[in-house]
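Subject: Structure handover

Hello,

Here is the structure we talked about. Please open it alongside this note, and keep the sequence to hand.

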Amino acid sequence: MTHSLQRQTPTADIKLPSNGPVETPEVEDVERAVEQLSKISMNGSRDSVFLAEVERDSIGEVTMKGGAVPTVYVVAKSKTVAERNGEIALDFIIGIPATLQNNTWGLSLTPVIENNGTEEALQPLSIRGELFSEVQKRQYWQMNKHLNCILDDSTELTSTTNLAAKYYEAYNRYIAGGQKRRADKLESTYKETISFPYLSDPRLDSVLLRKGELRYYYTQRYRPTKDTHRLHLYFRGHVDAIDRSHYALANSDTLTYTVTSMLSLLDNSPRYMLKVIDKYVEVRDRNYITFPVGRASIIDTMAQNMVQLAKIERLMDTLINQYEFFVDSITITASSSPDGSMATNNRIAGGRARAIKERLVRKFGHGVDTLIRTRSIGEDWALLKRLIRHNSDMPNWEQIMAMIDQSRNLDVTEPQIHQQFPKDYAYMKEILYPQLRAVDFRYNLRRVDMVKDTVVLTVLDTTYMRGVQQLRDRDYVGALRTLNDYKCQNFAIVLLSLGYDEAAFEILEQLPQAEKNARTDYLSAVALSHMNRPREGLEYYLKAIQADPVLKFRGNLDPEIQILYKQNNVKSTTYDS
C-alpha cells in the first residue's frame, strides 16, 4: 500500500498565495517576481549571467535565441504580515500531489506554527480514499455494536464523540465493579478495532473521489506573544493504508512570516513629571490586637497577636533607624466597640493604648518614651456608621443610621437597635464590631536635609513608563488602563491596536504642535484608512513621508496605506522607491 511511497519519499508542500484577494481555493501557487525583461546588458565577460539561451556570432557578440526572454517565476517562502487588534492573519496554500492520493490510503496533514521555540499545532487536514473511508466506517460500526452489547444499548452511532463516550462509560463501569481484567480487555479490543481513528477537530475532512493535484487555501488567526517578531510555519503528516502500513511524511519547507505592528512607531522617549516633596510626612498604620474581655493586658498567644505585634515593631524599627527622616512624635490611639457603657469602654481603651506604649518602651528603650503619646476612642461610632452605610448585608441599615444620628444617649440607643432589629444587630456584633477594636499608629516625620516646607522636583513618570512597557509586551488592555490619562502618541497606538480608530485620530489631532511629527501623521493616515476617509488619509501619509522618507518603506508593510492608494486610484510611490 505505502511501499511505493517509501521508495519515492514524496511529500506535500506549502506556499504563500499570490498578492490580492483569493476568492476560490484554486489559486496560483507562485508569484511573479520578475516581469518579462526588455533590456539585458551583455558584455561577454566570464561572470555574465543570462536568463535565456544565447549564441555568439562570428565577431563574438552575444545574442538571445528567440529574441525575447520568457517570464521568470519565483515561489516566495517569506511574507510580511501586520498585527492588528492583537491578532495576525496567516494564509498559505497546502499542495497535495497526486502521488499522495490513493483509494486505500488516509492522509493526515497538520500545520505547525513555531514562535520563539514554542510550537503550536493548527487544525489538521484529512484526505481519505473512498475504500479507506469505508473501512473506517465499518470499524466504528463494529465497535459500536460491541459497546451496545456491554451497555444493553441499541442506539446507532451518530458521531465519533458519541462512540468515545460509550467506550469510557463501559470502561468505567468495569473499573467501578472491580473488573480490571475486563476493562483492560475492552481497551485492547478498542485499539485493535479502531486502527484508523478519525482526526479530532479537522479543518478539512474530505473523501477523495478522483485522483489529481489538490490545493487547499488555509487561513488562520494567530495571537502573537510579547516577543513575536517572526513566525515559522511547516507541516508534519503521515499516510495510513488499510493494510496497516504507515508512512511518515518528511517535514515540509518552512514559511517565514515577519510580523509588523504599530509598536515600531512607539515614542520611546522617557516622560517626566513634577513631584512636590514635603518636609513633613505622616505615616499611618492600623493594627488589630486581641485583648481579654474588659482588660488591657497583652497576651501574645491570643488570636493573631504575635503577627500583629511583630508588624508594629518592624515598622517602628524601620522608621526610627532610617536616616532620611527624623521622628518628631508617635501617637497611639486605641479604640473599642459599643459593647457595655461608654465610660467603661473609654477607660479600657485608654489602658490598652498605655499597655502598647509600655511594651514598645521595653522593646526600643526609654528614648522612645518621650516620643509616644496615647489617646483613646472608647466607642468609634463614626467608623461604625461608615461600615453600616456601605454594607449591603443589613436590610434595615437606613433605619439604624437614623436612630444613631438622632440619639442623645448612645448607651441607650445600642440596646434599642438590638431589640428592634435583632438580625441586623447580630451581624453588627459578629462582623462590624471586631473592626472597631483596633490600635492606630500615627508617625509624624520630618526630612533631615530640607529647610523649606516643600520642594518641587522633576522625576521620572513611572506610571507612564509602565504603560509603555505593557504596550511593548502587547498587553493592550493593560496599557489602555495605565495610559488612559495620557493623551499622547503612545496612547493613540494603544487605541489603534484595539480598533478604536476614531478615538485614536481624535487624540492625534489634539496633540500639542510640539508633539506632532512624521510618525503621528503616519498614524493618522492609518486611522483615516480604517475610518474610510481615503483622501484625507493619503494627504497625511504624503505629509509623513515628506518629513521622514524612511516611512515610505513602512508603507509597503501596512495594508492600510496600500488601501489609500487603491481607493484614490494613485500609483504607490513606495513601490517606485
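First, a term: helices (H or I, at least four residues) and strands (E, at least two) are DSSP runs, numbered from the N terminus. This is a predicted model, so local features need pLDDT of at least 70, side-chain atom pairs count only at pLDDT 80 or more, and totals for chains, interfaces and linings use all residues. Residues are numbered from 1 along each chain as its sequence is written, and side-chain values use heavy atoms, with hydrogens and water left out.

**The whole protein**

The protein has 19 helices and 21 strands. Of its 577 residues, 40% are buried. Buried means under 20% relative accessible area, exposed means over 50%, and partly exposed lies in between (1.4 Å probe, protein chains only). The accessible surface is about 32,800 Å². Carbon and sulfur atoms hold 49% of that surface. These areas come from the Shrake-Rupley method with a 1.4 Å probe; for residues, only the protein chains shown count as cover.

Contact means heavy atoms within 4.5 Å. Take the contacts between residues at least 6 apart in sequence: 70% of them join residues at least 24 apart.

**Ser329**

Ser329 sits in strand β18 (residues 325-335). Is Ser329 buried or exposed? Ser329 counts as buried because its relative accessibility is 11%. Its side chain makes a polar contact with the side chain of Asn444, at 2.9 Å. A polar contact is a pair of N or O atoms within 3.5 Å; within protein, one must be able to donate a hydrogen and the other to accept it, and residues adjacent in sequence count only if both atoms are side-chain atoms. Leaving out residues up to four places away in sequence, Ser329 touches Leu371, Arg373, Arg442, Tyr443 and Asn444.

**Asp369**

Asp369 lies in the loop between α6 and β19 (372-377). Asp369 is partly exposed, at 31% relative accessibility. Lys357 and Val361 touch it, not counting residues up to four places away in sequence. Asp369 and Ile330 are 39 residues apart along the chain, and their C-alpha atoms are separated by 9.7 Å.

**The second largest pocket**

This pocket holds about 410 Å³ of space. Of the 20 residues that line it, the closest to its centre are Phe291, Val293, Ser337, Arg352 and Arg437. Which helix gives the largest share of the lining? Helix α6 (residues 342-364) does, with 4 residues. The lining divides into 8 nonpolar, 9 polar and 3 charged residues.

Some terms for that. The search runs on a 1 Å grid over the protein atoms alone. A pocket is an open set of points where a 1.4 Å probe fits, with protein on both sides within 12 Å along at least five of seven lines. Lining residues have an atom within 4 Å of a point. Grid points are joined across faces, edges and corners, and a volume is the space filled by probe spheres set on the points. Ala, Val, Leu, Ile, Met, Phe, Trp, Tyr, Cys and Pro count as nonpolar; Asp, Glu, Lys and Arg count as charged; the others, Gly among them, count as polar.

**Two arginines with positive phi**

Most residues other than glycine have a negative phi. Arg244 has a positive phi of about 70°. Arg244 is in the loop between β13 (230-241) and β14 (246-248). Arg244 counts as exposed, at 54% relative accessibility.

Arg474 also has a positive phi, of about 65°. Its loop runs between α11 (462-472) and α12 (476-482). Arg474 is buried, with a relative accessible area of 12%.

- Trp397 is in helix α8 (residues 397-405). Trp397 is partly exposed, at 27% relative accessible area. Beyond its neighbours within four places in sequence, Trp397 is in contact with Ile388 and Arg389.
- Thr104 is in the loop between β7 (87-96) and β8 (105-115). Thr104 is buried, at 12% relative accessible area. Its side chain makes a polar contact with the side chain of Asn102, at 2.8 Å.
- Asn148 is in helix α2 (residues 130-151). Asn148 is buried, at 10% relative accessible area. Asn148 touches Asp153, Ser154, Thr155 and Lys166, not counting residues up to four places away in sequence. The C-alpha atoms of Asn148 and Lys166 are 8.3 Å apart.

Best wishes
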